[in-house]
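Thanks for coming. I will go through one structure this morning, starting with a pair of helices and ending with a hairpin.

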Amino acid sequence: MRVEVAVVGAGIIGTLAAYELRKRGLSVLLLDAGKEGAATLASAGMLAPYPEGLSGEVLEAALFGLEYYPGLLEELAAKGWKVEAGFSGTQVVALSEVEKEAWEAQESLSYPVRGGRGARTFPGGYVHPRALREALLKALEVMETPFLQAEVEEVKEGGVRGRRLEEPFTAQARFVLLAVGAWGSRFGLGVRPLKGEALVLEGPAPPAPLFAGEGYLLPREGGVYVGATQREGWAQGVDLFGLRWLSDYAHERFPLLAGARFREALWGYRPVGELFVGEVERGVLAAVGHGRNGVLLAPWTAKRILELLGV
């Protein structure tokens with residue numbers, strides 16, 4: 001198989017880059033190993049440049065993503081693929097008895113300069129990462145983009161080599177894009193895994209994403225997403241420690257969730273390291289180090305890839 005760009009990794013970074021490349025007429029092959037713990041499948045999809053404490057060029061990249069998403073979602077909806085999202089802002093709330101008031105308020109509360117109570121609303125919102133990925137994959141299918149489950153073992157100028165269905169697999173490509181998340185170290189990229197765990201509950205969702213202390217909440221499929229833990233290493237799954245932290249956080253900080261029913265536990269590896277989108281060797285590009293902001297920074301990443309390829 002021969003294409004202009006082979007994209008290795010079908011998380012939100014890889015699928016969005018592939019989508020933008022195909023829109024510009026390039027032939028693309030999308031490859032994914034289907035590993036457990038892919039960040040996109042567990043991600044909150046928070047679009048919160050200011051509460052995340054971003055600054056400088058990364059803040060500019062994040063603001064580009066925030067402006068980009070409404071147009072993309074309209075584009076996908078027009079093709080029949082609606083993705084859950086909201087852009088009414090993100091709230092940062094003081095931990096006090098007024099949290100309930102902040103939860104129910106449709107407008108931001110005043111935020112004292114010192115040690116007081118209340119909340120402040122910042123530009124932002126959220127998008128459902130798993131639903132967005134599925135919509136992009138459907139769009140790529142319509143655009144006749146091959147998507148193969150394959151374990152890529154070697155990447156070099158001119159293509160990739162690996163295994164598919166336990167058989168040797170090769171593909172020729174003018175360019176290769178590595179968008180492999182926390183597994184980037186396998187290809188010599190400077191990232192490490194930081195596992196995050198989250199819960200989805202059947203309960204009253206906040207009107208917008210809500211940061212309070214070390215955790216956050218946001219709407220998810222008619223319920224509420226509660227996140228997230230942060231632990232180094234490759235340990236798999238949601239364990240008792242993670243469940244306890246998440247349930248205590250939801251119960252103690254937000255009394256409205258005291259009787260909420262459990263729907264789902266999620267986990268994934270955030271790719272932590274220095275943010276880098278560029279060429280690592282001739283014909284090989286990498287997009288790594290997005291940490292907990294992969295969804296937010298994906299549009300800027302795709303734009304940067306287009307610039308590097310001159311399209």
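**Two helices in contact**

V58, A61, A62, F64, G65, L66, Y68 and Y69 in helix 3 meet V295, L296, L297, A298, P299, W300 and K303 in helix 7. Contact here means heavy atoms within 4.5 Å. By class, this contact has 13 nonpolar residues, one polar and one charged. Nonpolar covers Ala, Val, Leu, Ile, Met, Phe, Trp, Tyr, Cys and Pro; Asp, Glu, Lys and Arg are charged, and the others, Gly among them, are polar.

A word on the source. This is a predicted model, in which local features need pLDDT of at least 70 and side-chain atom pairs count only at pLDDT 80 or more, while totals for chains, interfaces and linings use all residues. Residues are numbered from 1 along each chain as its sequence is written, and side-chain values use heavy atoms, with hydrogens and water left out.

Helices (H or I, at least four residues) and strands (E, at least two) are DSSP runs, numbered from the N terminus.

Next, the core. Which residues touch the most other members of the largest nonpolar core? Of its 48 residues, they are L16, Y19, Y69, L72, L76 and L132. Such a core is a set of buried Ala, Val, Leu, Ile, Met, Phe, Trp, Tyr and Cys residues joined through side-chain atoms within 4.5 Å, buried being under 20% relative accessible area with a 1.4 Å probe, protein chains only. Helix 3 gives the largest share, nine residues. Leaving aside neighbours within four places in sequence, L72 is in contact with L16, Y19, L132 and L136.

Last, strand 15, residues 223-227. Five of its five residues are buried, so strand 15 is largely enclosed by the rest of the structure. Strand 12 (residues 191-202) runs antiparallel to strand 15, joined by four bridges; two strands pair if DSSP finds at least two. A198 has G227 as its bridge partner in strand 15. Strand 14 (residues 215-220) is also antiparallel to strand 15, with five bridges, and R220 stands opposite G223. Strands 14 and 15 form a hairpin with two residues between them, and E221 in the turn has a positive phi of about 50°.

Key: Buried means under 20% relative accessible area, exposed over 50%, partly exposed in between (1.4 Å probe, protein chains only).
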